[in-house]
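Biologist: Before I use the labels on this model, I would like to hear what stands behind them. Please go through them one at a time.

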Amino acid sequence: LNLTFGELWGGNLTGSIKFSSRTAYDLGVSTTNITETSSTDIGFTASYSKSGFDFPLFGISLKNDVEFLISYTSTSNSVVRYDMNNYTEDGIPQDGTTRTSIEPRIKYTISSKVSLSIFYKRSTVEPKGAARIPPTTTNEAGLDVNIVIQ
């Protein structure tokens with residue numbers, strides 16, 4: 001779902017939302033097991049951009065652009081085994097993870113050849129079931145400077 005709003009404070013506000021879900025079942029004939037593999041993704045992005053405003057920098061007043069962006073994603077995967085000889089409704093969890101990421105970003109365009117971007121990204125991984133990976137959290141921050149040389 002993509003959303004575009006009318007002009008707001010002299011700029012444009014846009015957003016998008018995504019949701020998807022998948023489930024697959026595999027039958028092991030020789031093992032009498034049914035394996036359920038499922039995945040769920042949800043995410044959104046929102047951005048606000050404003051173009052052509054004056055901001056004096058180093059004594060020069062250029063027409064500048066600025067964009068504020070935030071994105072969030074969450075992906076959950078799981079594998080559950082159902083033993084048909086000893087069936088339980090919940091099954092036996094085999095593997096799974098939940099991965100979550102959030103990233104705010106500010107992009108400032110000084111001219112058609114120079115742009116700056118500041119960002120922060122936080123990513124987490126949480127195991128589910130009998131997953132063999134440890135829970136982790138990663139924090140990233142940075143400054144991107146793009147200069148076009150032709």
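Biologist: Leaving aside its neighbours within four places in sequence, which residues is Thr 97 in contact with?

Modeller: Thr 97 is in contact with Thr 75, Ser 76, Asn 77, Val 125, Glu 126, Pro 127, Lys 128 and Ile 133, its neighbours within four places in sequence left aside. Contact means heavy atoms within 4.5 Å. This is a predicted model, in which local features need pLDDT of at least 70 and side-chain atom pairs count only at pLDDT 80 or more, while totals for chains, interfaces and linings use all residues. Residues are numbered from 1 along each chain as its sequence is written, and side-chain values use heavy atoms, with hydrogens and water left out.

Biologist: Why is Thr 97 called buried?

Modeller: The relative accessible area of Thr 97 is 10%. Buried means under 20%, exposed over 50% and partly exposed in between, with a 1.4 Å probe and protein chains only. Thr 97 is therefore buried.

Biologist: And why does Ser 101 count as buried?

Modeller: Ser 101 has 16% relative accessibility, so the label is buried. Like Thr 97, which lies in strand β5, Ser 101 is found in β5, residues 92–109. Strands are DSSP runs of E with at least two residues, and helices are runs of H or I with at least four, numbered from the N terminus. Apart from neighbours within four places in sequence, Ser 101 is in contact with Ser 71, Tyr 72, Thr 73, Lys 121, Arg 122 and Ser 123.

Biologist: How many bridges join β6 to β7?

Modeller: 12 bridges join β6 to β7 (residues 136–147), and the strands run antiparallel. Among the residues involved, Ser 115 has Asn 146 in β7 as its bridge partner.

Biologist: Why is Met 84 called partly exposed?

Modeller: Met 84 has a relative accessible area of 37%, so the label is partly exposed. Met 84 lies in the loop between β4 (60–83) and β5. Neighbours within four places in sequence aside, Met 84 is in contact with Thr 32, Asn 33 and Ile 34. From C-alpha to C-alpha, Met 84 is 47 Å from Leu 3, with 81 residues separating them in sequence.

Biologist: Why does Phe 44 count as partly exposed?

Modeller: The relative accessibility of Phe 44 is 36%, so Phe 44 counts as partly exposed. Phe 44 lies in strand β3, residues 33–57.

Biologist: How many helices and strands does the protein have?

Modeller: The protein has 0 helices and 7 strands, in the order β-β-β-β-β-β-β along the sequence.

Biologist: Why is the protein called more spread out than a compact globule?

Modeller: The radius of gyration is 23 Å, well over the 15 Å that the globule rule gives for 150 residues, so the protein is more spread out than a compact globule. The radius is taken over C-alpha atoms, and the rule is 2.2 Å times the number of residues to the power 0.38. Along its principal axes the C-alpha trace spans about 80 × 35 × 30 Å. Buried residues make up 22% of the 150 residues.

Note on methods:
Pairing = 2+ DSSP bridges.
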